[in-house]
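I opened my notebook to go through one protein model. I wanted to see how its parts are put together and where it leaves space.

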Amino acid sequence: MAAMVEIRDVHKIYDRGFRALNGASLDIEEGEILALLGPNGAGKTTLISSICGITEPSSGTIRVGGHDVVADYRQARSLIGLVPQEVYLEPFEKVLNTVRFSRGLFGLARDDAYLEEVLRKLSLWDKRNARITELSGGMKRRVLIAKALSHDPRVLFLDEPTAGVDVELRRDMWELVAELKADGVTIILTTHYIEEAEAIADRVGVIDKGEILLVEEKASLMTRMGRKELRISLQHPVGTVPDALSAYGLRLEDGGATLVYGYDIAAQRTGIARLMADLGAAGLNVRDVDTAQNSLEDIFVGLVAKERGAA
């Protein structure tokens with residue numbers, strides 16, 4: 001089965017020679033949630049803009065639902081909903097009219113029942129006759145989402161959708177995302193809140209300097225690249241790590257009351273059993289032990305740092 005979004009060797013070079021995309025290639029499957037992560041200036045927004053037809057790639061091809069976004073732009077664009085970072089809305093228009101207008105731009109017949117459903121899901125129905133200028137920042141963000149959903153798209157782009165919004169909107173948005181996914185909508189999310197990507201994404205893509213560094217299932221990525229830390233609480237704090245334990249690369253925390261040991265969860269031998277024996281031999285009495293696995297943010301930061309160091 002063909003991917004819902006197919007990106008092949010896409011480059012975007014601006015007039016002054018700045019290369020925003022550098023051979024980006026990516027397949028996004030129907031009905032999945034892909035979190036696209038990258039630092040500021042990595043190319044996330046340029047890639048989304050290229051898919052949505054806001055900017056045209058310098059070279060390469062992009063297809064949405066089998067339609068080329070340049071040659072068949074009308075068909076491709078009709079499948080896409082976009083929630084941009086910036087809040088651009090007509091300030092004196094009413095909420096319902098704003099959403100109706102967006103639906104009409106796609107040449108679709110008026111369907112107030114569908115729009116009511118969208119507005120109710122976003123807690124906007126009671127505000128349907130309010131003017132945009134009367135709304136809070138969070139409510140305006142909800143209107144952007146309603147506009148993006150007005151034509152019942154099969155691909156939804158959320159470009160930093162929760163930046164600067166309240167916790168309630170963030171929660172409502174992720175509930176709506178879950179419903180859309182259940183209906184088979186493909187969702188591409190860019191976010192600085194990596195814990196959200198960790199919670200809802202099926203796959204994670206990492207982009208930096210216009211290149212896709214990797215795309216992998218979230219669970220597989222965390223298993224393959226994650227590390228665990230063993231935190232060893234001591235009965236009595238120590239000033240330094242004993243020389244006999246230097247090979248373990250331990251670090252001291254909590255004023256010398258905790259030893260931290262990092263290990264690869266995929267390794268056949270973690271070295272924990274030998275470490276615990278050597279702790280006793282060094283005269284250190286253990287009060288408690290605990291483990292913690294690296295987060296997706298740890299992995300992301302490490303990947304970007306590694307790529308920049310190799311550049």
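**Entry 1: contacts and overall make-up**

I looked up contacts between residues at least 6 apart in sequence; 68% of them join residues at least 24 apart. I noted that the model is predicted. I then looked up the elements and found 10 helices and 14 strands in the protein. The protein has 311 residues, and 45% of them count as buried.

**Entry 2: the open sheet**

In what order do the 6 strands of the open sheet stand? I wrote down E6-E7-E8-E3-E9-E10, with mixed pairing. Strand E6 (80-83) and strand E10 (211-217) are at the edges. Each has a single partner strand, so one side of each has no neighbour in the sheet. From one strand to the next, the twist averages 15 degrees.

A reminder to myself: strands of a sheet pair through backbone hydrogen bonds, either parallel or antiparallel.

**Entry 3: E9 and E10**

I went to one end of that order. Strand E9 (residues 203-208) pairs with E10 over 6 bridges, in the antiparallel sense. I looked up two partners in E10. Val-206 has Leu-214 as its bridge partner, and Ile-207 has Ile-212.

Which strands does helix H5 touch? H5 (residues 137-149) packs on the sheet and touches E6 and strand E7 (155-159). Its direction makes about 170 degrees with that of E6. Next I checked helix H6 (residues 167-182). H6 lies across strand E3 (33-37), E7 and strand E8 (186-190). Its run is at about 150 degrees to E8.

**Entry 4: other strand pairs**

I moved on to strand E1 (residues 5-13). E1 runs antiparallel to strand E4 (residues 59-64), and 5 bridges join them. Ile-7 stands opposite Ile-62 in E4. E4 also pairs with strand E5 (residues 67-68), in the antiparallel sense over 2 bridges. Here Arg-63 is opposite Asp-68 in E5. E4 and E5 make a hairpin with 2 residues between the strands, where Gly-65 takes a positive phi near 60 degrees.

I kept the general rule in mind: most residues other than glycine have a negative phi. I listed two residues that go against the rule. Asp-9 has a positive phi, near 50 degrees, and its place is in strand E1. Ser-123 has a positive phi near 55 degrees and lies in the loop between helix H4 (112-121) and H5.

How accessible is Asp-9, and why does it count as partly exposed? Its relative accessibility is 43%, and partly exposed runs between under 20% for buried and over 50% for exposed. Ser-123 is also partly exposed, with a relative accessible area of 39%.

**Entry 5: the cavity**

Rolling a probe the size of a water molecule over the atoms shows where empty space is left. I searched the whole structure and found 1 cavity of 30 Å³ or more. The volume of the largest cavity is about 30 Å³. Leu-26, Ile-28, Leu-34, Leu-36, Leu-47, Ile-48, Ile-51, Phe-157 and Ile-188 line it. The lining has 9 nonpolar residues, with no polar and no charged ones.

Which elements supply at least two lining residues each? They are strand E2 (19-28), E3 and helix H1 (44-52). H1 gives the largest share, 3 residues.

The largest pocket holds about 300 Å³ of space. Its lining has 14 residues, and the closest to the centre are Arg-77, Ser-102, Leu-105, Phe-106 and Lys-147. E6, helix H3 (95-104) and H5 give two or more residues each. I sorted the lining by class: 9 nonpolar, 3 polar and 2 charged residues.

The second largest pocket has a volume of about 200 Å³. It is lined by 13 residues; the closest to its centre are Tyr-114, Lys-121, Asp-152, Leu-180 and Asp-183. H4 and H6 each supply at least two of the lining residues. The largest share, 4 residues, comes from H4. By class, I noted 8 nonpolar, no polar and 5 charged residues in this lining.

Note on methods
Residues are numbered from 1 along each chain as its sequence is written. This is a predicted model: local features need pLDDT of at least 70, side-chain atom pairs count only at pLDDT 80 or more; totals for chains, interfaces and linings use all residues. Side-chain values use heavy atoms; hydrogens and water are left out. Two strands pair if DSSP finds at least two bridges between them. Axes are lines fitted to C-alpha atoms, for helices over the stretch in contact, and angles run from 0 to 180 degrees between N-to-C directions. Contact means heavy atoms within 4.5 Å. On a 1 Å grid over the protein atoms alone, a cavity is a set of points where a 1.4 Å probe fits but cannot get out, and a pocket is an open set with protein on both sides within 12 Å along at least five of seven lines; lining residues have an atom within 4 Å of a point. Grid points are joined across faces, edges and corners, and a volume is the space filled by probe spheres set on the points. Ala, Val, Leu, Ile, Met, Phe, Trp, Tyr, Cys and Pro count as nonpolar, Asp, Glu, Lys and Arg as charged, and the others, Gly among them, as polar. Buried means under 20% relative accessible area, exposed over 50%, partly exposed in between (1.4 Å probe, protein chains only).
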